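Me: I'm new to this one. Walk me through it, please.
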Amino acid sequence: MSIHIEGVSKTFSDYPALNGVSLEIGNGEFVALLGPSGSGKTTLLRIIAGLERPEAGCVRFGNRDVTKSSAASRGIGFVFQHYALFGHMTVADNIAFGLTVMPRRSRPKGGEIKRRVTQLLELVQLPGLGDRYPSQLSGGQRQRVALARALARDPKILLLDEPFGALDAKVRRELRGALRTIHEELGLTSVFVTHDHEEAFTLADRVALLNEGRIEQFAPPEEIEARPESDFVRTFLS
Amino acid sequence: MGTRSTLREPPLVKALLMAAAFAYIALMLLLPLWAVMSEAFRAGAKAWAAAVSEPDARAAIKLTLLVAAIAVPLNTIFGVAAAWAISKFQFGGKAVLIAFIELPFSVSPVVSGLVWVLLFGAQGWFGTWLIDRDIQIIFALPGLVLATVFVTFPFVARQLIPLMTAQGRADEEAALTLGASGWQTFWHVTLPNIRFGLLYGVLLCNARAMGEFGAVSVVSGHIRGETNTMPLHVEVLYNEYNFVAAFAVASLLTLLALVTLALKSALEWRYRAALAART
């Protein structure tokens with residue numbers, strides 16, 4: 001599903017986090033929001049998710065205006081940097097959470113939920129780990145569980161906030177590959193935040209470079225490298 | 001480790017410090033505990049049983065349980081709500097709210113009781129209004145509950161605020177993005193995350209609610225068999241030189257303290273395991 005962001009602004013106690021940002025993300029695209037800390041990239045992602053409210057501007061998913069919709073009703077999947085898994089639930093219960101909180105009339109039956117959990121565990125390459133608790137898993141495994149959990153309700157849009165930030169280099173590479181594969185397989189529209197330009201450039205179809213609450217350049221990696229549009233882009237990439 | 005060796009005490013100093021600590025605990029804590037128990041049973045188990053089962057004592061036990069059964073749930077609900085608001089939202093006046101939550105700890109219990117007399121007593125602000133409508137608050141159950149709520153107000157909130165602040169909002173946000181309602185998020189995510197801290201706070205709140213003397217004494221009126229809680233009943237018996245009965249009821253309160261201590265230790269042990277598992 002396509003994402004349209006028009007003139008979005010957000011201020012945190014007098015300091016502008018986003019300053020009239022507009023962005024058009026096409027259906028099926030894989031987009032990176034790249035920038036130094038404080039550039040507003042995470043705020044922008046959280047506004048797309050509905051975890052923050054913009055003061056001005058609007059957000060649309062396809063033709064649907066979601067600016068005023070709650071995070072719960074947007075039908076997105078969200079992956080957090082520090083996993084945010086529920087420590088008191090098993091891996092299977094974590095993944096099933098999005099399904100078990102559905103209203104009774106639309107909720108899938110118990111057996112169906114079980115099947116879905118098994119299927120998601122296979123998708124993230126953790127078959128058979130459903131009975132473990134998050135504390136018994138490695139960082140990379142936890143982030144895979146978080147990904148499976150975010151995908152349980154079949155979102156069309158996947159949002160990831162520094163998803164590899166807490167992982168070491170080797171796990172990071174493996175997980176990047178897995179994420180890209182899942183993105184293609186499920187036909188998702190994915191947006192992820194990173195401050196690592198190598199990560200953004202190897203993974204994304206297009207990269208939005210943010211600085212001080214504005215978008216400096218939004219283009220495919222090759223184009224940004226070939227034709228940086230501002231001094232900031234040039235220095236950030238060097 | 002260079003600092004370790006400089007911090008290591010000579011064995012003699014260590015032994016002296018430990019001996020001093022143990023002697024102090026024995027003198028200040030264990031001796032009184034032993035005194036209460038031995039006085040309570042001085043006339044034998046039969047006299048003890050008679051003292052704690054005579055009608056006034058039973059009324060005092062019932063009243064204490066009733067007051068705690070009202071005050072503790074009220075402060076639990078308030079404590080969770082306050083801790084939730086303080087730890088998960090940004091708003092002005094947060095520091096003031098935290099300071100006010102702690103206020104009952106720094107106010108003398110006499111004042112904690114007296115404020116209710118000033119508000120609802122016969123000569124108080126709402127006194128005539130209440131008398132006209134035949135509503136009794138002071139020298140009755142509502143007054144005891146109010147005084148107890150005031151005194152035990154901070155326990156649950158204080159326990160939860162640092163815990164919930166440390167846990168942050170990520171788990172709740174995750175639940176929201178997964179489609180959970182606010183209520184579902186609270187029941188399935190927030191409450192399980194704080195369950196040990198909450199139990200711990202409720203336990204301390206309950207111990208204080210049952211044992212409170214000063215504030216309750218001001219609003220009680222000391223009517224035997226009617227408005228005397230257990231601590232007040234102990235005082236009445238003691239003032240009547242009825243030492244065996246006084247210490248018998250006191251031994252029940254002491255028992256409550258020991259049970260609280262045991263549960264608290266069990267929870268701390270459990271809580272640490274749960275905390276370690278989270279990271």
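Me: Start with chain B. At what angle do the axes of α4 and α9 of chain B cross?
Reply: Helix α4 (residues 55–88) of chain B and α9(B) cross at roughly 30°, and their axes come within 8 Å. Axes here are lines fitted to C-alpha atoms, for helices over the stretch in contact, and angles run from 0 to 180 degrees between N-to-C directions. One caution: this is a predicted model, where local features need pLDDT of at least 70, side-chain atom pairs count only at pLDDT 80 or more, and totals for chains, interfaces and linings use all residues. Residues are numbered from 1 along each chain as its sequence is written, with chains lettered from A and ligands numbered from 1 in the order in which they are written.

Me: So are α4(B) and α9(B) roughly parallel or oblique to each other?
Reply: Roughly parallel, therefore, given that crossing angle. Under 35 degrees counts as roughly parallel, over 145 as roughly antiparallel, 65 to 115 as roughly perpendicular, and the rest as oblique.

Me: Which residues of α4(B) and α9(B) meet?
Reply: From α4(B): Asn75(B), Thr76(B), Gly79(B), Val80(B), Ala82(B), Ala83(B), Trp84(B), Ile86(B), Ser87(B) and Lys88(B). From α9(B): Phe155(B), Val156(B), Ala157(B), Leu160(B), Ile161(B), Met164(B) and Thr165(B). Residues are in contact if their C-beta atoms, placed from the backbone, lie within 7 Å.

Me: How do the residues of that α4(B) and α9(B) contact divide by class?
Reply: 11 are nonpolar, 5 polar and 1 charged. Ala, Val, Leu, Ile, Met, Phe, Trp, Tyr, Cys and Pro count as nonpolar; Asp, Glu, Lys and Arg as charged; the others, Gly among them, as polar.

Me: And α5(B)? What angle does α5(B) make with α9(B)?
Reply: About 135°. Helix α5 (residues 94–106) of chain B packs on α9 (residues 154–167) of chain B with their axes 9 Å apart. That angle makes α5(B) oblique to α9(B).

Me: Which residues does α5(B) bring to α9(B)?
Reply: Ile98(B), Ile101(B), Glu102(B), Pro104(B) and Phe105(B). They meet Pro154(B), Ala157(B), Arg158(B) and Ile161(B) of α9(B). This α5(B) and α9(B) contact has 7 nonpolar, no polar and 2 charged residues.

Me: Zoom out. How many helices and strands are in chain B?
Reply: 14 helices and 0 strands. Helices (H or I, at least four residues) and strands (E, at least two) are DSSP runs, numbered from the N terminus. The C-alpha atoms of chain B fill a box of roughly 65 × 60 × 30 Å along the principal axes.

Me: Which domains does chain B have?
Reply: Domain 1 (1–40) and domain 2 (44–278). Domain bounds come from an automatic or database domain assignment. The centres of these two chain B domains, taken over C-alpha atoms, are 31 Å apart. In chain B, 5 residues of domain 1 are in contact with 7 residues of domain 2. The domain 1 side in chain B has 4 nonpolar, no polar and 1 charged residues.

Me: Now chain A. Which domains there?
Reply: Domain 1 of chain A has two stretches, 1–75 + 158–238, and domain 2 of chain A covers 85–154. Their centres, over C-alpha atoms, are separated by 26 Å. The contact takes 9 residues from domain 1 of chain A and 7 residues from domain 2 of chain A.

Me: Which helix gives the largest share of the domain 1 side in chain A?
Reply: Helix α5 (residues 169–186) of chain A, with 5 residues. By class, that domain 1 side of chain A has 8 nonpolar, no polar and 1 charged residues. Just after α5(A), Gly187(A) takes a positive phi of about 60°.

Me: Another helix pair. How do the axes of α2(A) and α4(A) cross?
Reply: At roughly 30°, coming within 6 Å. The α4 helix of chain A is residues 139–151. α2(A) and α4(A) are therefore roughly parallel to each other. Val91(A), Asn94(A), Ile95(A), Phe97(A) and Gly98(A) in α2(A) meet Val145(A), Ala148(A) and Arg149(A) in α4(A). Classes in that contact: 5 nonpolar, 2 polar and 1 charged.

Me: Last one. How many residues do chains A and B put into their contact?
Reply: 19 residues from chain A and 15 residues from chain B. On the chain A side, β6 (76–79) and α2 (91–100) each supply at least two residues. The side of chain A that touches chain B has 12 nonpolar, 5 polar and 2 charged residues.

How values were computed:
Contact = placed C-beta atoms within 7 Å.
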